[in-house]
Structure formats: C-alpha cells, structure tokens
Amino acid sequence: LAKYTQFVLQQIQRSGGSEIFWHEMTSSHCIPTFLNFPRAKITAVAILASLVKIAYGKIRCLRSDISDDVSKTPVPRDVSAKLVSLELLLYYLKLAGHRYRHDAQLCFFVRRLVVPAIFANTAAGMEHIKVFKRLVQIVTYLWRYFRGALKVEIAVLFDHLILKTLRLTPLTTNTDPHFERQLFCLSETAKWFHESP
C-alpha cells in the first residue's frame with residue numbers, strides 16, 4: 001500500500017494532462033494493489049487522487065504587454081482553479097463518514113496525499129489570503145476528524161502553517177496581510193479546542 005501511494009503521489013506531482021495521469025493510475029502496476037479493495041474504496045481513492053492532482057496546480061503570473069517581464073499579477077483562472085480544488089478537497093473530507101475516518105487504509109491515503117498537498121500550497125497561501133484560509137480550514141478539519149490517524153502530521157502542519165504565521169511580525173500598514181492571516185489562525189485554533197471532544 002505504501003509503494004502504491006508513493007507511486008500515486010509521484011504521478012500527481014508530475015506535470016501533464018489528466019489523461020496520462022489516469023492511464024498511469026490504471027496501468028498494470030496499480031491494479032494488483034486495488035484488486036482486494038471494494039468498489040466504493042477504489043472510487044474514494046480515485047476521487048481523492050484527482051482532487052489532490054488539481055490542488056497541486058501552480059499559480060502563474062501574467063506577462064507584461066510592454067516587456068517580457070513577469071508581473072506579480074496572478075492569472076485569475078489559476079487562482080480560481082486553486083481555490084475550487086482546495087474547496088472540493090475540504091468538501092470531500094467533510095463528506096467522509098465515520099467508516100471512512102476509521103478505515104486504516106483510507107486514512108493512510110489521506111495522510112500520504114492530502115498532507116503533502118497542503119505543504120505544496122503553502123507558498124501560494126502566503127501570496128493569496130483566500131488560499132491560505134482554505135489550507136487552514138483543511139488542517140482544522142483534519143484535526144477534528146482524522147486526528148487519531150494523523151497525529152504527527154497535524155503537529156508538523158500546525159508548526160509549519162499556523163505557528164510560523166503567528167510568529168510573523170505585523171506590518172504597520174492598514175492593509176497588513178500578516179495581521180489578517182494571524183487573526184484567521186487564532187480564530188480557527190480557538191475552534192480546535194472549543195469543539196474537540
């Protein structure tokens with residue numbers, strides 16, 4: 001299972017179209033791993049892999065009309081695709097029922113696919129506040145419902161995403177992006193301890 005998950009992660013991180021991705025996913029190397037899985041579990045893993053693949057997409061910047069320099073303005077389509085993919089990933093995790101959250105194999109896939117996707121999107125989250133908020137919401141949901149299977153990963157995510165943000169020195173301008181991120185981190189972590197059993 002670990003070898004297959006690593007193979008899936010490598011396929012996700014490769015650039016290329018989704019047709020090649022799905023051909024590799026259903027090749028003879030992968031099928032023996034899935035033969036013992038029920039059809040519902042195969043579908044759940046395939047959907048998760050697809051959502052994570054979309055979440056790995058890069059946010060490109062527009063080129064200037066005057067020169068060939070790349071500006072700081074992101075391509076709106078890329079930002080929208082990133083937000084939709086992270087929102088769908090959060091929705092997917094919310095739809096995971098009690099059986100999914102306590103299935104060791106499915107939790108293993110969440111651990112090996114979703115957590116690296118969050119790390120891969122950290123830079124985009126520091127550039128775009130909406131992406132950052134989605135990432136923190138996903139970590140909050142992992143804390144609430146997947147904590148038993150992701151103890152170490154959640155600790156690392158907390159340190160990497162939330163504590164580092166809280167340690168940033170606030171700027172003195174009215175439009176301080178750090179301050180908004182820090183307030184959001186505080187409000188989300190307050191939910192962690194208020195709602196945890």
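**Salt bridges and overall architecture**

Lys191 and Glu188 are both located in helix α11 (residues 177–195), three residues apart, or about one turn of the helix; helices (H or I, at least four residues) and strands (E, at least two) are DSSP runs numbered from the N terminus. The model is predicted, so that local features require pLDDT of at least 70 and side-chain atom pairs pLDDT 80 or more, whereas totals for chains, interfaces and linings use all residues. Residues are numbered from 1 along each chain as its sequence is written, and side-chain values use heavy atoms, without hydrogens and water.

Lys191 forms a salt bridge with Glu188, with 2.9 Å between the closest N and O atoms; the term denotes a side-chain nitrogen of Lys or Arg within 4 Å of a carboxyl oxygen of Asp or Glu. Glu188 is buried at a relative accessible area of 4%, while Lys191 is partly exposed at 34% (buried, under 20%; exposed, over 50%; partly exposed, in between; 1.4 Å probe, protein chains only).

By this rule, seven salt bridges are counted. Among them, Asp78 pairs with Arg60 at 2.7 Å, N to O. Asp78 belongs to helix α5 (residues 76–95) and Arg60 to the loop between α4 (39–55) and β1 (61–63), so the pair links parts 18 residues apart in sequence. Asp78 is buried, at 9% relative accessibility, and Arg60 is partly exposed, at 43%.

Overall, the protein chain contains 11 helices and two strands, and 39% of its 197 residues count as buried.
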